[in-house]
Amino acid sequence: MENIIQSIKNLSIGFKSKKGDEISILRNVTTNIKKGETVGIVGESGSGKSTLALAMMGYVKQGLYTIKGECLYKSSNLLKMKSRDLEKIRGRKIAMIPQNAGQSLTPNLKIGYQIDEALSLHTSLNKTERNNKISELLNKVRLPSPDTMAFRYPHELSGGQQQRVAVAMALAGRPDLLLLDEPTTGLDVTTQAHVLELLRSIAKDTETSMVYVSHDLGAIAQVSDRIIVMYAGEIVLEGPARSILKNPIHPYTFGLLKSIPKLSLAGLPGSMPGSQPQPGSIGIGCSFYDRCSIAEEKCKKNSPNLEYVSELKTNVRCFNYKNLEKFNYKISSSNQKINVKKEINQILNLTDVSISYAKQKLLDQIFNKISDTNPTVKDINIEVKKGETIALVGESGSGKSTILKSIAGLLRTKDGKIKFKNDRELSSNLKNRDSNDLRAIQLIFQNPDESLNPNHTVEQILSQPLKLYFGLNGEKLRKNIIELLQKVRLGEFYMTRYPRQLSGGEKQRVAVARAFAAKPDIILCDEVTSALDVSVQAAVLNLLQNLKEDLGTTYIFVSHDLAVVRAISDRVAVLYQGRLCEIGPSKNVYQFPSHPYTEVLLGAVLEPDPDIKPKLVAEDIVEEKPPEKGCSFQGRCPKILGDQCKNETPPWQIGDNGNAIRCHIPLKDLKKQQLS
Amino acid sequence: MLFLIIKRIFLGFITLFIVSLITFVGTEILPGDACTTYLEREAYGAALEACYKRLGLDIPAYERYISWAHNVVQGDFGYSLSGQMPINEVLGPRIKNSMVLASAAIIIGIPLALILGIITALWRDKLPDITISTITIFAMTIPEFISATLLILIVAIWLQWLPGIVIVPTDVTFFELLPNIILPVIAIAMIMTAHMARMVRSSVIQVMASDYIQMAILKGVPYWKMVFKHVLPNALLPAINVVALTIAWLLGGVVVTEVVFNYPGLGRLVIESISNRDLPTVQALAIILASIYVSINLIADLMTFMLNPRLKSLQIRK
Amino acid sequence: MNLNKLSKEKQKNVFSKILEVFKTMASKPSGFIGLFILVFHVLLAILSPYLAPYDYKAIDPTLMLQAPSSEYWFGTDSLGRDVFTRTIMGGRTALTITFFGSLIALLWGGLLGIFCGLVGGRIDDVVMRIVDAFLSIPWILAMLLIVSLLGTSIEVLIPALGFFYGKGIVRVARAATHDVIAKDFIVSARARGHGNMSIIWNEIIPNVRDAILVEGAMRWSWMLLGFSSLSFLGFGVSPPTPDWGLMISNARGLMSFAYWSVIAPIVGLSSLIIGINLTADAFAKALGIDRSTKAPV
């Protein structure tokens, strides 16, 4: 066909194991990319999606090799091409926008040079034309002051700006095909929505084909015409975006969509058991067999082929996809949270807490005081009730983790009081807390790879709090550890394992078990699901909820993901630049009226639904420091009133639904504006 | 930036100050003093007292340190016991000779190490890498006195191409010195080159595995352009400091090499003054060698400051 | 399973881990050669007094500088001593002194490094400044001074070498500790309320151990080099004890007509240093540490 830009035929890529076995990462992938279309490739980590994207440029990472198949660009196989010929295609015909542009821009070269390099390699422009083109490109990707930007080094730019530079660089050669490898992962919610919006408009303007690789169905749903779902190196489902998202007829895709928390839906997402098999451990049957709810005997022995379903224009790799519909097939169903009877007792109370990262001056150190008129975190008043889950939400730099650290006693507060149980003041310095207070507050971290000692077995990890707080040993200790493992749904045999022998989800379960080992009153959760795959995230969220229902623990849950927060929390506090913006019951925070910043955040959330588009209401400027006075959000607020917002700290206004909003704009007006 | 440089220089002086304290206290704590160790069995009575008087050892230690340090700052290291003349006069030609030797080794060694390191990294695990890497392992592990001895045995004795032992007065001119220094330079440069080549190799390999090199390849940048523009500047920057540390450490090896070749440099002076138990000279040597060490590191730091855009632009993001 | 069994299993675990490291080391030719040479030298050092055909200090002026023969395999030296006997015994002192020296270096360097990395701040600054100052006096000058004033007995050499070669370990241990204490599992242990000693013992040491051990192995080969240099300069082992450095130094002047008396100790010393180096390299690789970026300071 004429309009096919790239076609991939029967592609398998893999590596040789130490024993000499051939292990495939990509298995028999066949697909075509048409002119002008945007294809989304979605899959969890280890699904082979990035390897596929790189193969589309004729690039195979060191250690990997092409087992069979080809990758045709205009009838020439990129995987067999000489590197001199490839240099003429890469960047000129096919360009890549990488994940994490911060590490993909050469640190010693200025932005302008790096774009100029692409221009001089792939266009016939002369020096002055190229210079004009550079500022044109930087302008096109909406970077501020494009002329001076060219003279900056990559490290001087924010994450969003670096990503935009990468886009400009990719556009320099006017390619036919743009490959995007997780281009928005790691960016803040609002920045992500803006970059996505930019990409979509570029695709529309230039009629470039795009291949968008991501683990995030929300982002994929926003940009793609067609979606390819990958699992364990295979395409399991492929078809038009709308069909895939509305009728995910493969059980994996179905489960994946179900496990994504959604703003429009209260309650916890449904979880999928298990995790994706590692390359090399895939047997002869269907690769999804172990996790599938509709699997039959034949799925164990035979691997299904892609089957075309004409009414949905979809290819599906499943024997039983028709049975899926019988299984009460409806994405919108989700586990309703059982409302635990909440006690009205407050368990923790933060009054006027402020925290400063500023280095103490010598004189202040001597007098033991912290002087900083504009601390990182200021005026935090939060009351935590026993048994509730309160969430702190905000983008990077909002101070949410900082507050958590102070509660844990890891960071000294500058002002204010942290009161625990019966108004007893808790020192923000660990050393002044007694063992019982230390036990009562436990932490779970974002990345279990960092929070579990890699040189300890699971048994050693779990025995530490048990020994420390309860002095257990011998048979008793062992029994306790097994009980804990059962609580987090892990078998006894995990005791002798090291963290590196566990999957991401299993590691986080061990971290959860360690926190619960102390029989704590409060557990501080710092982005506990951010490092996990979506299907695993849902399982961990469910686990946390179940444990809480059983044990009546209080959670303080920090996250940047509003949908996750919506799913797990009873109350939400929204933070910007270390100041509270809004606080209230979670179902109300997601209703109007809300603080202008909450509105911006909510608008930027990407839902895995082609009908819900993000609303971009404010610029994604990065602010280095909170403003000296006035409202913390004044720099970006689309509704700013003027001097009042710049000079006066906004008052707390309490809405009829119990939501407290800190804004100068009367609630009436806010509601009116937001509903229109 | 300027602040960083000033701070760095200041720290260098602090280090030298501590070195002077260590050497002074060290020679003070160890049994015997300059006079008893120098005079050995004759250390009694009038001779000892005369010696004490001459060196000023009859006043308290801290006063002696202050006046000694005061003189050192002004460039006066005192009086050599064995040479029976001011230490400055002993040091002058020795420093010059050692400098000639070391600079020649560095001038040959650094470019050679760069080339070898880059070749081994770019042809990693291929024949050029395996060959060169094996040779560098040998070159860097074999002690200088062995390689020097072997050089003399093979080149000077068996082949008779070059003089094996340097027999020249301490104050010869550069051109008289030249044929004599070829073998010592080779001996020193060999070990130095081997060390640096290995560091360059691993640094280049690290950079080659980075995301931005993958990006440069995917951008269609031709291979050699990529190597020179994207790889080397980033790979060599962190290597500067390590190279400086290595060079400074190898100063110890220069001592041995000079002894093997009977070369009249600082190294041989170290052995001579220690054999003669000439403590004032030893102290002077400690300060001088430490200053060389400190300045090599200082130069490396300054070079890093100058070349690293992260430090140059001053806008250091946290 | 009772506690006794459990701790036994732990022991087995450690043992199998060590075995695995050795297997990985020996799986590559360079590692295998290194280990082979090292084991050979250690055995030689232990057994050489029983293997030696002659008395190492038996002087016989009638047998001066004999060329290698069936009777004297490596010939004789300028005092008529059997070079073969002296060569196979020449590594004993060096190996022993540097091995124990390395242990001392490992101990004080490792502990001080962990301490500095952990406390950080001013104390760390001051200690590192002092360590740096020690580093800037060439080791050879310091060693020569100490040896010339205190003598060349083992009680002087082992601690002195251990002290001067421990400086590098301080740096490595400190850097490794710095990397580790930023990790969340340390934060977690702190937040739980574990004391400093418990954190060092349970959390830090298991994670910096590998880096320090590799550095120690590397230090050993440097120390051997340094010690041999001292011997060569006449400040190491005192005659008539056979030692390669000293043998090379003595025979060097006569090598134009009696090269064998130089070649034999050169081969002995070079092979040992290369053996230790290859082993250290393989050891580092087996533990996943790249040692080639480190300066030999």
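Trainee: In which order do the strands of the open sheet of 4 strands in chain A run?

Mentor: Keep in mind that this is a predicted model, where local features need pLDDT of at least 70, side-chain atom pairs count only at pLDDT 80 or more, and totals for chains, interfaces and linings use all residues. Residues are numbered from 1 along each chain as its sequence is written, and chains are lettered from A in the order in which they are written. Strands here are DSSP runs (E, at least two residues), numbered from the N terminus, and two of them pair if DSSP finds at least two bridges between them. The pairing in this sheet is antiparallel, and the order is 2-1-4-5.

Trainee: Which are the edge strands of chain A there?

Mentor: Look for strands that pair on one side only. Those are strand 2 (22–34) and strand 5 (76–77) of chain A.

Trainee: And which residue in strand 2 of chain A is the bridge partner of Ile8(A)?

Mentor: Strand 1 (residues 4–16) of chain A runs antiparallel to strand 2 of chain A, with 9 bridges joining them. Ile8(A) has its partner in strand 2 of chain A, and that's Thr31(A).

Trainee: What share of the 676 residues in chain A is buried?

Mentor: Buried means under 20% relative accessible area, with a 1.4 Å probe and protein chains only. By that cut-off, the share in chain A is 59%.

Trainee: What percentage of the contacts in chain A with a separation of 6 or more is between residues 24 or more positions apart?

Mentor: A contact means heavy atoms within 4.5 Å. Of the chain A contacts with a separation of 6 or more, the percentage between residues 24 or more positions apart is 69%.

Key
Heavy atoms only, no water. Buried < 20%, exposed > 50% of the residue type's maximum accessible area, 1.4 Å probe, protein only.
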